[in-house]
Amino acid sequence: MFDVADQVKDNESIELWIAGGFWFCDTWISEWTSHPNFSRPNQEDYDHALELIHNLAYFLFMRESPYMDDALRQQAKG
């Protein structure tokens, strides 16, 4: 997701299928996994993953990282 957002950040517009995919990941995953029976081996990792997905969507739509440094790229790329 980071690579796609980084590639299109200087484009005048974003293709609808790309924007839709980022929006879908940011909203659907958190809604789908919010029920109490969803298995979360480690709540901290789960919360971090949801935050990362949200921040990647923010990066795509706002064209800037929500962080001051290179932390978003480092987190997304591992």
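Predicted model: local features only at pLDDT ≥ 70, side-chain atom pairs only at ≥ 80, totals over all residues.
Residues are classed by relative accessible area as buried under 20%, exposed over 50% and partly exposed in between, with a 1.4 Å probe and protein chains only. Residues are numbered from 1 along each chain as its sequence is written, and side-chain values use heavy atoms, with hydrogens and water left out.

The secondary structure of the chain comprises 4 helices and 0 strands, where helices (H or I, at least four residues) and strands (E, at least two) are DSSP runs numbered from the N terminus. The order of elements from the N terminus is accordingly α-α-α-α. Along the principal axes, the C-alpha atoms fill a box of roughly 40 × 30 × 15 Å. Of the 78 residues, 22% count as buried. Among contacts (heavy atoms within 4.5 Å) between residues at least 6 apart in sequence, 55% join residues at least 24 apart. The chain exposes about 5700 Å², of which carbon and sulfur atoms supply 55%; accessible areas come from the Shrake-Rupley method with a 1.4 Å probe, and for residues only the protein chains shown count as cover.

Charge was assigned by counting Lys and Arg as positive and Asp and Glu as negative, without His and the chain ends, and each charge was placed at NZ of Lys, CZ of Arg, CG of Asp or CD of Glu. On this basis, the mean positions of the 5 positive and 14 negative charges are 4 Å apart. A surface patch of negative charge is formed by E44, D45, D47 and E51. Patches are made of residues with over 30% relative accessible area and no salt bridge, like charges being joined within 9 Å and nonpolar side chains (Val, Leu, Ile, Met, Phe, Trp, Tyr) within 5 Å. A salt bridge is a side-chain nitrogen of Lys or Arg within 4 Å of a carboxyl oxygen of Asp or Glu. E44 belongs to helix 3 (residues 43-62) and is classed as exposed because its relative accessible area is 62%.

A nonpolar surface patch is formed by W23, F24, W28, W32, F61 and M62, which together have about 700 Å² of accessible area. Helix 2 and helix 3 are the elements that give two or more residues to this nonpolar patch. Helix 2 provides the largest share, 4 residues. W28 is located in helix 2 and, with a relative accessible area of 38%, is partly exposed.

Individual loop positions were also examined. E12 lies between helix 1 (2-8) and helix 2 (16-32), and counts as exposed because its relative accessibility is 83%. The C-alpha atoms of E12 and C25 are separated by 23 Å, the two residues being 13 apart along the chain.

The loop between helix 3 and helix 4 (71-77) contains R63. The phi angle of R63 is near 65°, a positive value in a residue other than glycine, and R63 is partly exposed at 28% relative accessible area. S65 is found in the loop between helix 3 and helix 4 and is likewise partly exposed, with a relative accessible area of 25%. Apart from neighbours within four places in sequence, S65 is in contact with Y58, F59 and L72. The C-alpha atoms of S65 and K77, 12 residues apart along the chain, are separated by 14 Å.
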